[in-house]
Amino acid sequence: MDWPSRSPDLNPIEHLWDVLGRLIRANHPPPPNLNVLFHTLQQEWQAIPQNTLQQEWQAIPQNTLQQEWQAIPQNTLQTLVMSMRQRCLDCINANGGHTRY
């Protein structure tokens with residue numbers, strides 16, 4: 001089967017990125033809106049001494065992505081692999097377009 005150029009649904013890594021993104025968002029919720037984000041960042045940036053910024057940057061866990069990746073349950077991976085046959089059939093039926101996945 002030729003790889004359908006319009007369908008990311010056949011690429012299980014896309015679904016793993018989605019799982020990973022949800023895990024990260026669950027542990028690091030965003031501000032309620034862009035206005036709050038902008039004003040908060042602006043106020044906080046102006047209040048922090050520059051040497052403190054350097055210290056804080058170094059304190060950020062550099063392996064957050066790796067930790068969340070490793071937290072993805074094996075059954076999630078197995079489910080994605082086992083769904084590939086149906087994903088292929090659905091993609092063929094959608095002529096390479098978007099499917100329910």
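Visitor: Which residues are exposed on the other side of α6?
Guide: Those are R85 and N93. Keep in mind that this is a predicted model.

Visitor: And which residues of α6 are buried?
Guide: R87, D90 and C91 are the buried ones in α6. Looking down the helix axis, the buried residues of α6 fall within an arc of 100°, so they line one face of the helix.

Visitor: Remind me, why do residues three or four places apart point the same way?
Guide: An α-helix has 3.6 residues a turn, so positions with that spacing point the same way.

Visitor: Where is L89, and is it buried, partly exposed or exposed?
Guide: L89 sits in helix α6, which covers residues 84-93. Its relative accessibility is 36%, so L89 counts as partly exposed.

Visitor: What follows α6, and what about its phi?
Guide: N95 follows α6, and the phi of N95 is positive, near 55°.

Visitor: Switching to cysteines: how many disulfides are there?
Guide: The count is zero.

Visitor: Okay, new topic. Which residues form a nonpolar patch on the surface?
Guide: L34, L37 and L41 form one, and together they have about 300 Å² of accessible area.

Visitor: Where does L34 lie, and how exposed is it?
Guide: L34 lies in helix α2, residues 34-47. With a relative accessible area of 69%, L34 is exposed.

Visitor: Zooming out, how many helices and strands does the chain have?
Guide: It has six helices and zero strands, so the pattern read along the sequence is α-α-α-α-α-α.

Visitor: What share of the chain is buried, and how much accessible surface is there?
Guide: Of the 101 residues, 20% count as buried. The accessible surface of the chain is about 8,100 Å², and carbon and sulfur atoms hold 57% of that.

Visitor: Last one: what share of the contacts comes from residues 24 or more positions apart?
Guide: Such pairs make up 70% of the contacts in the chain, counting those with a separation of 6 or more.

Notes. Residues numbered from 1 in each chain as written. Predicted model: local features only at pLDDT ≥ 70, side-chain atom pairs only at ≥ 80, totals over all residues. Heavy atoms only, no water. Helix = DSSP H or I, 4+ residues; strand = E, 2+ residues; numbered from the N terminus. Buried < 20%, exposed > 50% of the residue type's maximum accessible area, 1.4 Å probe, protein only. Contact = heavy atoms within 4.5 Å. Areas by Shrake-Rupley, 256 points an atom, 1.4 Å probe, with all protein chains shown as cover. Patch = residues over 30% accessible without salt bridge, like charges linked within 9 Å, V, L, I, M, F, W, Y side chains within 5 Å. Salt bridge = Lys/Arg side-chain N within 4 Å of Asp/Glu carboxyl O. Arc of directions from axis to C-beta. Disulfide = S-S within 2.5 Å.
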